[in-house]
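Here are my notes for a colleague opening this entry. Please read them with the model on screen.

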Amino acid sequence: MASRQWWFVVWLLGAAFSVRAAVVFPMDAEWRFFKGTQEASAPDPAAWRTTGFDDSSWVTGQAAFFYDTDTSANGYTGNTRLSDMQGGYACIFLRRAFAVATPTAVSELQLEALSDDGFIAWINGREVARFNVPDGEIPFNGTASPALSEPIPVQTFTISNPSTFLVAGKNVIAVQGFNVSLSGSSDFVLNVALASSVDDVLPVVVELIPPATAQVRELTTIE
């Protein structure tokens, strides 16, 4: 009697996902901040960006951080006025902690910033956004690139693969905002928000071949 060979293939033909946008923190949030009269951390000038840095001595303030010599309706306004910035320091350092329950569920982050004149942002020490500043490390007495035409619109940055640097529990975003010069600029503003895109629905099986009730005499292939 001729032998018979049975071929069965099990297929997962599809999956359904739901992506939910969530605000991590909005504009006008509270931050720990340090005025850039010196490096924010020494001897390692990058230590202040990490989760383990102790910022308890820093001042708490609410964004937007600003100053403006134009007192008309066209000038910048905000919640924390840096009245000593012009001629005193060209940058400020900001830190804010936020919690993440499941880093692998976060598919993207969206960072929005109103910045005059420029900034760099890090999450857990990883650079995630840069606007109108030179490449590379910039010291506390560095400045932004040449000023842009005002009004400067809110900038949006999409951060892909955040699970490569997010951790379960406490995470820290650090932002260094720069003015275009120490004394020659008439204004400064910095306001930052962060949102996330979260996959919060598990994939579902849409078809099995053969069906779950089938009797399989021989299984040679699985997909």
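1. Start with D55 and R95. They form a salt bridge, with the closest N and O atoms 2.9 Å apart. A salt bridge here is a side-chain nitrogen of Lys or Arg within 4 Å of a carboxyl oxygen of Asp or Glu. The two partners are 40 residues apart: D55 sits in the loop between β2 and β3, and R95 lies in strand β6. Strands are DSSP runs of E, at least two residues long, and are numbered from the N terminus. D55 counts as buried at 17% relative accessibility. R95 is buried too, at 3%. Buried means under 20% relative accessible area, exposed means over 50%, and partly exposed is in between (1.4 Å probe, protein chains only).

2. A word on the source. This is a predicted model, in which local features need pLDDT of at least 70 and side-chain atom pairs count only at pLDDT 80 or more, while totals for chains, interfaces and linings use all residues. Residues are numbered from 1 along each chain as its sequence is written, and side-chain values use heavy atoms, with hydrogens and water left out.

3. How many salt bridges does the structure hold? There are 4. One of them pairs E137 with R49, at 2.6 Å from N to O. This pair spans 88 residues, from R49 in the loop between β2 and β3 to E137 in the loop between β9 and β10. E137 is exposed, with a relative accessible area of 60%. R49, in contrast, is buried at 6%.

4. Another salt bridge joins D84 to K35, whose closest N and O atoms are 3.0 Å apart. Again the pair links distant parts of the chain, 49 residues apart. D84 is in the loop between β5 (80-81) and β6 (91-100), and K35 is in strand β2 (residues 30-35). D84 is partly exposed at 35% relative accessibility. K35 is partly exposed as well, at 31%.

5. Now the core. Which residues touch the most other members of the largest nonpolar core? They are W31, I92, L111, F119, I123 and V175, in a set of 35 residues. Such a core is a set of buried Ala, Val, Leu, Ile, Met, Phe, Trp, Tyr and Cys residues joined through side-chain atoms within 4.5 Å. Apart from this core lies another, of 14 residues, among them F34, C91, I120 and F178. In soluble globular proteins, nonpolar side chains tend to be buried together.

6. Look closely at L111. Leaving out residues up to four places away in sequence, L111 touches residues including F119, V128, F157, I173 and L194. Contact means heavy atoms within 4.5 Å. Q155 and T156 are also among the residues that L111 touches.

7. Check the backbone next. Most residues other than glycine have a negative phi, and most peptide bonds are trans. N124 has a positive phi of about 50° although it is not a glycine. N124 is in the loop between β8 (118-123) and β9, and is buried at 19% relative accessibility. N161 also has a positive phi of about 50°. N161 is in the loop between β10 and β11 (169-178), but counts as exposed at 54%.

8. Finally, two cis peptide bonds. One joins A63 and A64, with omega about 5°. A64 is in the loop between β3 (59-62) and β4 (65-68). The other runs from E150 to P151, with omega near 5°. P151 is in the loop between β9 (126-131) and β10 (155-160).

How values were computed: Helices (H or I, at least four residues) and strands (E, at least two) are DSSP runs, numbered from the N terminus.
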